[in-house]
Amino acid sequence: MPNYLIAPSILSADFARLGAEVDAVLAAGADWVHFDVMDNHYVPNLSVGPLVCAALRKHGVSAPIDVHLMVRPVDRIIPDFAEAGATYISFHPEASDHIDRSLQLIRDCGCRSGLVFNPATPLDTLKYVMDKVDMVLLMAVNPGFGGQSFIDSTFKKLHEARQLIDDSGYPIRLEVDGGIKIDNIRLIAEAGADTFVAGSAIFGTPDYRATIAAMRAELNQVGHRHV
Ligand code: DX5
Ligand code: ZN
């Protein structure tokens, strides 16, 4: 069984109590902190930047921070996030003029690199940069907002991405972001995902520990892939 990881998205946390919220979700069994960065340009919403990432590190957060850039351009801000304590930095290929260079920049800054694919973005780019990618992130919603519904065509794309990753032989994580809940996480895992972002499904419930435990119980039931 893959090493399944659960990454709550802080977008649905109570921002007035962000440090305590992140502490709580990690104490409740989360593996990573998913950190959504929006610029009101690449996506129609505005969220948080490197200052907040650095503040979480200063607060004492030691878990991996999974920075999901929904900004354009990306190169200017990558070193700032590395400096702020990011572990992974992922970006959308549409948001960089030179994708290969941006991936290298992330690694040169000491972080792990991720490439994010919107629901209607083909995986073509990925084939040429597999040696420079540590994580593939498939969006199961159009980026910009939490609380949207999972788009079913993601399942087919997950199979394709899993195949590409397995064929490459590189240890690339396969993450899914958007609309993940207790009742669909198992199917998403069976389609090939190993890392699960969930915002509203975790922060929208009163008992984070119970929700994450229910997600893990579903992951423990994962059977053969529905190919
Ligand atoms: C959407 C963000 C997601 C979002 C997920 O643009 O990238 O990380 O917070 O939220 P849920 O889990 O509520 O769909
Ligand atoms: Zn995200």
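So, Val 67 sits opposite Ile 89 of strand 4. That pair belongs to the pairing of strand 3, residues 65–70, with strand 4, which is parallel and runs over three bridges. Keep in mind that this is a predicted model.

Let's stay with strand 4 for a moment, residues 88–91. Which way do its side chains point? Tyr 88 and Ser 90 go to one side, Ile 89 and Phe 91 go to the other, and all of them are buried.

On to the next neighbour. Strand 4 also pairs with strand 5, residues 112–117, again in the parallel sense, this time over four bridges. Here Phe 91 is the residue standing opposite Leu 115 of strand 5. To get from strand 4 to strand 5 the chain passes through helix 4, residues 99–108, and that β-α-β crossover is right-handed.

Okay, the metal. What holds the zinc ion, ligand 2? His 34 through NE2, Asp 36 through OD, His 68 through ND1 and Asp 177 through OD, at 2.0 to 2.3 Å. Along the chain, the donors follow the spacing H-x1-D-x31-H-x108-D. And why do I call the arrangement octahedral? Because the six donor atoms around the zinc ion subtend angles of 69 to 171°, and the cut-offs for six donors are over 155 degrees for opposite ones and between 65 and 115 for all others. For reference, the ideal values for six octahedral donors are 90 or 180 degrees.

Last stop, helix 1, residues 18–27. Its buried residues are Leu 18, Gly 19, Glu 21, Val 22 and Val 25. Looking down the axis of helix 1, these fall within an arc of 165°, so they line one face of the helix. What does that buried set pack against? Strand 1 (5–8), strand 2 (33–38), helix 2 (50–59), helix 7 (200–203) and helix 8 (208–220). And after helix 1 comes Gly 29, with a positive phi near 115°.

That's my tour; happy to go back to any of the views.

Terms used: Residues numbered from 1 in each chain as written. Chains lettered and ligands numbered in written order. Predicted model: local features only at pLDDT ≥ 70, side-chain atom pairs only at ≥ 80, totals over all residues. Heavy atoms only, no water. Donors = N, O, S within 2.8 Å, 3.2 Å for Na, K, Ca; no water. Tetrahedral: all angles 85-135°; square planar, octahedral: opposite > 155°, others 65-115°. Buried < 20%, exposed > 50% of the residue type's maximum accessible area, 1.4 Å probe, protein only. Helix = DSSP H or I, 4+ residues; strand = E, 2+ residues; numbered from the N terminus. Pairing = 2+ DSSP bridges. Right-handed = clockwise from strand over helix to strand, strands pointing away. Arc of directions from axis to C-beta. Contact = heavy atoms within 4.5 Å.
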